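Here is a friendly walk through a model with several chains. Please keep the sequence and the structure open beside the text as you read.

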Amino acid sequence: MDEIKHKLNAALGQAVRGRVTRREFTQLALASGVSLAAANSMFTKAWADEPKKGGNFKVGVGHGATTDSMDPGLYPDQFTGTALWGTLANSLTEIDADGNVVGDVAESFEASDGAKKWVFKVRNGITFHNGKTVTADDVIASLQHHLGENSKSAAKSLLKEVASMKADGPNTVVFELTGGNADFPYTVSDYHMPIMPKKDDGSVDWESGIRTGAYKLEKFEPGVQASFTKNENYYKPGKGWFDTVQFLSIKDVAARTNALLSGEIQYMDRCDLKTLDQLKSNPDITVSEITGYGHYIYVMNVTQKPFDDVNVRTAIKYSMPREDILATVFLGHGTVGNDNPIAPTVKFAVDPQPKHTYDPAKAKEYLKKAGLDSLSFDLSVADAAFAGAVDSAILWKEKAKAAGIDINVIKEPDDGYWDNVWLKKPFVASYWSGRPTVDWMMTTAYAADAAWNDTFWKNPRFNELLVAARSETDEAKRAAMYAEMQQILHDDGGLVNMLFNSYVEAHAKNLGHGKVAANWQLDGMRVAERWWFTS
Amino acid sequence: MKSDNQRVKGADLLQIRGLKIEGNSDGVWHPIVKGVDLTLKRGEVLGLIGESGAGKSTIGLAAMGFARPGCRIVDGTINFDGIDLRTASEAEKRKLWGARIAYVAQSAAASFNPAHRLIDQTVETATRDGIMTRDKAVADAVDLYRRLQLPNPETIGGRYPHQVSGGQLQRAMTAMAMSCRPDLIIFDEPTTALDVTTQVEVLAAMRNIVEEFHTAAIYITHDLAVVAQMADRIMVLRHGLEVEEAPTREMLREPKKDYTKTLWAVRKLAKEESISDDVTLSVRNVDASYSGVVKVLDNVTVSLPRGRTVAVVGESGSGKSTLARAITGLLPPSKGEILFNGKPLSKALKDRDKDTLRRIQMIYQSADTSLNPKQTIRDIIGRPLEFYHGIKGAARDRRVAELLDSIELNESYIDRLPTELSGGQKQRISIARALAAEPEIIICDEVTSALDQIVQEEILTLLMKLQKDTNVSYLFITHDIATVRAISDEIVVMHRGKVVQQGPKTQVLNPPYPAYTELLLSSVPQMDPDWLTNLLASRAQAKVKA
Amino acid sequence: MTAQAPDLRSVRARRTLWENTRRTLASAPFSAWFGMIVILIYVIAAIFAPWLAPYGEAEVVGKAYQPAGGEFFLGTDQIGRDLFSRLIYGARNTIGIAFVTTLLSFAIGGTLGVLTALKRGWLDQAISRVVDAFLAIPVLIFALMLLAVAGKSIINLVLILALLDSTRVFRLARATALNVVVMDYVEAAKLRGEKMGWIIFKEVLPNILPVLITEFGLRFCFVFLTIAALSFLGVGIQPPTADWGSMVAESKTLITFPVRTFPWIPAPFYPAMAIALLTVAINFVVDWFLHKTSGLRDEK
Amino acid sequence: MHPVLKTVLQRLGLGLLTLFVVSVLIFASLEMLPGGFAQAILGQGATPETVAAFNHQLGLDRPATVRYFEWIWNVLHGDFGYSYAGAGGSIKQSVSGIIAPRLYNTFFLAIMTAIIAVPLALFLGIMAALYRNSLYDRAVNAVTLTTIATPEFFIAYLLMFFFAIKLKWFPSLSTVSDSTSIGEHMYRAALPAITLTLVIVAHMMRMTRAALINLLASPYMEMARLKGVSQRDAIVQHALPNAWAPIATVVAFNLAYLVVGVVVVEVVFVYPGIGQLMVDSVSSRNMPVVQACALIFAATYILLNLSADIVSIITNPRLLHPK
């Protein structure tokens, strides 16, 4: 999606809220090469998309397991994320459609002392579903839930930089961090950290499902469905239009598609790309596509032969037919990667040069430099890493031959892939859903001490930049640092970033929405709060 | 049927002319019946006699207008009381079957439906076409049971087939056939499966009932003596053709054709008895029982002289086969001992060494089950040679050929499968297999009872010849007195697991008899058409006396 | 009138094996012929796959989902491999794997079945109990677990399915053998003092073979249906190996879109039909075989 | 009816033994499974600490034997334990609590299918035996064969395409919850039921036919004919009573399949049955649930076979009325 279209979308969103006039919009549209007539019709359509109250919204999600739990620390995926967070709850902050962090439960937040101290103001008069008002204590308890000795929370590592949390009055929370982090507000927007009511014993009540969100929990059957009813006194204006919302766990993509076709659901995520054209050709269905932060990658353990040689790594990077794979396996749904894990839509993202494209000749060159004339290695893959991992690998294998590289594709069992293959086998398919900030992404996967450093890549320069950039408040300097880091990773790192995947989702024509967020699937997991029925 | 043929006969009931029937064996049609004429008057009983393969059963069924699957009637007319059964439709025939023509099969045990009570099966036909109400049919059935001298006729109908004995079943089936008072009954070897003593009763019962209702019947059997009791006329068949036909007495008095004569001749074979006291195997006070409960052998003592033949006679259940199992070690005796050449024989099979096993061989009643259908003659006879004598390859084949020769079979048979041989030939093969081991003792368990009389004779003669040549001893288990006469030097009579009598043939077969021997011998059908009548009379007197 | 059949044969000169087969085939009904021809074709396809297939098994020769006809007889699959070629190689893999698996399961199940039938006693009891347990656990799920344990590879797949299947074979073999071990010729062999091995393989096995062969046909089909199901549940056969089951599973979403409008939509239908056709063919032959060996002739 | 009673007790005894063996088998293979509940749950996000925390909380850090015997002891006291999922929180989900509704669904579907399939199969089978080698026979044969021959999920999708998407007669989703009414439930379970029917009818029908035709060769069937019994009565009154045993066996086998073998159909139609639960639990290493499911499956299988045995006894006079 090029940038002008972005604007156009945004403008449409604005138009709907009457913040952009027809003239302004039409100019923008013409600028982006849309004919006047088209622009007009777009505008009118947008107006027609004027939010309406009511309706029962049913969503089919390709995740969900019988082991899902109400404990936000254990939310594994889209199902729990979208249903039990995006629909039911709010975090301190949220990422808006343009990827900026804005207050949610927190009305405002500001940093001081080199971003080591953060002060969050809890929004006034915001209440839980049981009518109780949200206080600083609730916030603290909610975050405390993820910390402590035997916390099993996925957010534990996110919050490990938090030295202390203190309530300063009923609706002010003060965070002391171990080191400066300009991106801390992003961190607390994570879907594992909804704000929950504190219990008298000081612990937090996560079981009951009482939260602050646009909908109240009606029923949650793990691995089957979760249903909700409208929260009449939701604090956010112009959000939460539906009367009821239901999320169904439909893991089989064909079943999901059929459910949409037969009108059993109005929204599905993770469309089957093979049949997308058929889906599009259906008059009652719209297919939406957002290039998000998520990226499909193959990661090599740079501490192991032959990957310990940077030339070998580069050769491999040049041997991957990214364009072909994107075209054949993903039928063009996505953006080719350039061995940089930072999505173009993320702030401070750069596109390192030279681009790593399919170039057998170059690959051969680098092999020579490494003193090899041919190369052969195992590549462990499973569609558990990402749908299409296997097919892509096979395609790669076929094309890499031209570069004298023989890839031996091993299909690992989907079941237990993340435990037995990822971080264990030397070269594996992997997936990152991406992070909204450079720092967050790098800290998670590429910092020397990162828990999930799946390339085992330790680059001193990179790491010192990482620390420095965190507390750097000067935007320009920060940008430069991040640019350099991305370049280093691109040149030296152990990841082959095949592509940034698009969230390809489909919904009934009679659904309306504003600009769709890119940070998570399902409109930043808040589809239920942000969308509405037009008829 | 009276003892003489003067009885008034009605008009023709059944007329068969130029009947030709073909049978199919894997895809090929070959003639079974090659043009047979046959006429049956009302109330008349015709005996069809011949060896297996003569086509008698096929004709019997054809008389009903029925051909078994794999058979087809290709020519001729079957006229039953004015109806041509060849052209009649299934439906028409169905009306006749059971109602006017009834069938009594050889094995009642197999021919009764195991799932239904006797009474229901008996009255099925009668009630089906509404010939009579069920109550009436039941009452009638009970009456028939009584006439057929079935024990407690009122209740026996309530039993299931497996709950009554073979003899009773055979009678029950006769009752079933009679239920609609048919004009014609086909008896297809109805007593073949029965013990002699039972056979007598069943024959009597059937004869009476047929007489009483003046029913015409076709009586199919291979046993002349039996047919002599039942039939007014006898037709001898061979290979699907009529050999000759004549009223019973005439036929018995002076058979015209040679083939018929040979049939008669079988009865004459008899071995010259010779006694010896050089005992090779002696069974001493042996008890044996299955699963420790029922005693099948009760203190049995038998001794087998070298180079001689001891015949063990008795009816089914007398324990004679169990004796064989005890000797071979398949059923270790619970008491007593078995001496082989003076040395005690280890009881269990697994404790016996190869050589002992070699010295005692066994031949079974049915060659079909005792020869592995999947092995060629070469393997069957060759195996013991290899196994015991380690003779292999060409040498083995030569020896096999010799053995085949010694059992009077052409060595071209060496590559055949058992299924490709006749019953007699198969039995010869099992003999050869036994001989191959060069044994001292051969236990023959009913080896001839499944065979036709002529074949029986051949086999018996062969066995005797072999005994001369190899001086092997036979323990010859049989229920057939004729066979006993033919082959034995000594006889052991067994009854209910006990030895009733052991002694030289002449002694045992001549009075004074112990009671059971008496019964056994007297029950063996004789060629005399009056035999049954007289026997019943004498037994009746005996009862009166007692 | 089976009674005199032997006599008739005895007078006829013994037929050669070839003649026997010819006669047997001559008497085969249409369905059986159909079945045999289909199987033959499949076998040929399986054996000569490399020569028959226009393209390589895993070779990417075009764009994804190119329409049937023209350059690609049946069009191309999701990453542009020639569907027809994969179908042919699929025959090789699917049939090959299923065949080996079934063979193995019969080797295990058959031998044990006969052995226990002969021996009875505690061994019989023990094995039968374990077999019951295996039978009582759903094959799919159990296979799923075992595959997760052993790791996903064709070898493991074969071994595991063979193991699970052998329990069913065991039951049949045992039941059938029980009818044979009571035969006099088995007793005769025991009296001769033969070893267990001889009795199992020379005396009993040849006589239960027809039943086993029949079962073999059916089991064979079940095996590759199971493989198909496993592929559907995501533990299929190693790509790029072409296997009908996984081929159907891979393109399952194509089933639910109208056929006419998109020439390449039938993609999943070919492998599915391939499976169905073979199963039907095998069953036809098996039915006929059963009919022959059981010596039973239907009326009419 | 003592022979029946005897067999029942005997079989039940064996059944319990089998159950025990099953539980050992399952437990053993679960123990061998790579990874554990913690890793499975946390997926890519697993870190050593969190995993350790999990395992300690679930007592998974104790030796396997201890856990097994503890488990079996509790089961003997009717306590199937708690699901690992949601452990640690103040609300524990008892295994029985999780399984109960899904078990209900599974049985609902199984019974619904059985009610359609069994009579249909018997009818078709008897007719086929009656008019064997007729056009009808061959047709039914071919059709049923094709249905067994086609992968289950393939049939399922086809049905879904025609009946849910094209004709819109039935829903393509069979999601039901305890609040669904019986009628609604039946309506939603329709497609799965039809799919399963297609899958199992073939087998049962063919066995019925075979069982009947096998009997035709027996002398008493010839006798029946020679008594003038019509083809139909011969089959229905003389052959069928003797064929129940094999038929019962195959029916039992297929009913068992309806309970234990439907995971594929559950996935396709998103029917919350026990099969899917077990697969999920296997992949998430949720031992207590897997064990419970396995036992339920085994028990079903055993009971169904038992009832088949009982049928074959009461339909066989030899056993029912011994001499």
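In chain D, 30 residues of domain 1 are in contact with 24 residues of domain 2, where contact means that the C-beta atoms of two residues, placed from the backbone, lie within 7 Å. Before going further, please note that this is a predicted model, in which local features need pLDDT of at least 70, side-chain atom pairs count only at pLDDT 80 or more, and totals for chains, interfaces and linings use all residues. Residues are numbered from 1 along each chain as its sequence is written, while chains are lettered from A and ligands numbered from 1 in the order in which they are written.

Domain 1 of chain D spans 3–96 and domain 2 of chain D spans 97–315, with bounds that come from an automatic or database domain assignment. Taken over C-alpha atoms, the centres of these two domains of chain D are 30 Å apart. On the side of domain 1 of chain D that touches domain 2 of chain D, two or more residues come from each of helix 1 (2–32), helix 2 (37–42) and helix 5 (95–130) of chain D. Helix 1 of chain D gives the most to that side, with 13 residues. Helices (H or I, at least four residues) and strands (E, at least two) are DSSP runs, numbered from the N terminus. By class, that side of domain 1 of chain D has 18 nonpolar, 11 polar and 1 charged residues; Ala, Val, Leu, Ile, Met, Phe, Trp, Tyr, Cys and Pro count as nonpolar, Asp, Glu, Lys and Arg as charged, and the others, Gly among them, as polar.

Is Thr65(D) buried or exposed? Thr65(D), in helix 4 (residues 64–76) of chain D, counts as exposed because it has 10 C-beta neighbours inside 10 Å. A residue is buried if 20 or more other C-beta atoms lie within 10 Å of its own, exposed if 12 or fewer, and partly exposed in between, with C-beta atoms placed from the backbone.

Chain C has 12 helices and 0 strands. Of its 300 residues, 52% are buried. The UniProt annotation "transmembrane region", from an unreviewed entry, includes residues 30–53 and 269–290 of chain C; such annotations may be inferred rather than shown by experiment, and the positions follow the numbering used here, with feature names shortened.

| Stretch of chain C | Helix | Strand | End C-alpha atoms apart |
|---|---|---|---|
| Residues 30–53 | 92% helix | 0% strand | 30 Å |
| Residues 269–290 | 100% helix | 0% strand | 31 Å |

Where chain C meets chain D, the contact takes 34 residues from chain C and 39 residues from chain D. Helix 7 of chain C supplies the largest share of the chain C side, 7 residues. That side of chain C has 25 nonpolar, 4 polar and 5 charged residues.

## A sheet in chain A

In chain A, 4 strands form an open sheet in the order 4-5-7-6, with antiparallel pairing; two strands pair if DSSP finds at least two bridges between them. Strand 4 (106–112) and strand 6 (162–167) of chain A are the edge strands, each pairing on one side only. Strand 5 (residues 117–122) and strand 7 (residues 172–177) of chain A are joined by 5 bridges, and Trp118(A) stands opposite Phe175(A) in strand 7 of chain A.
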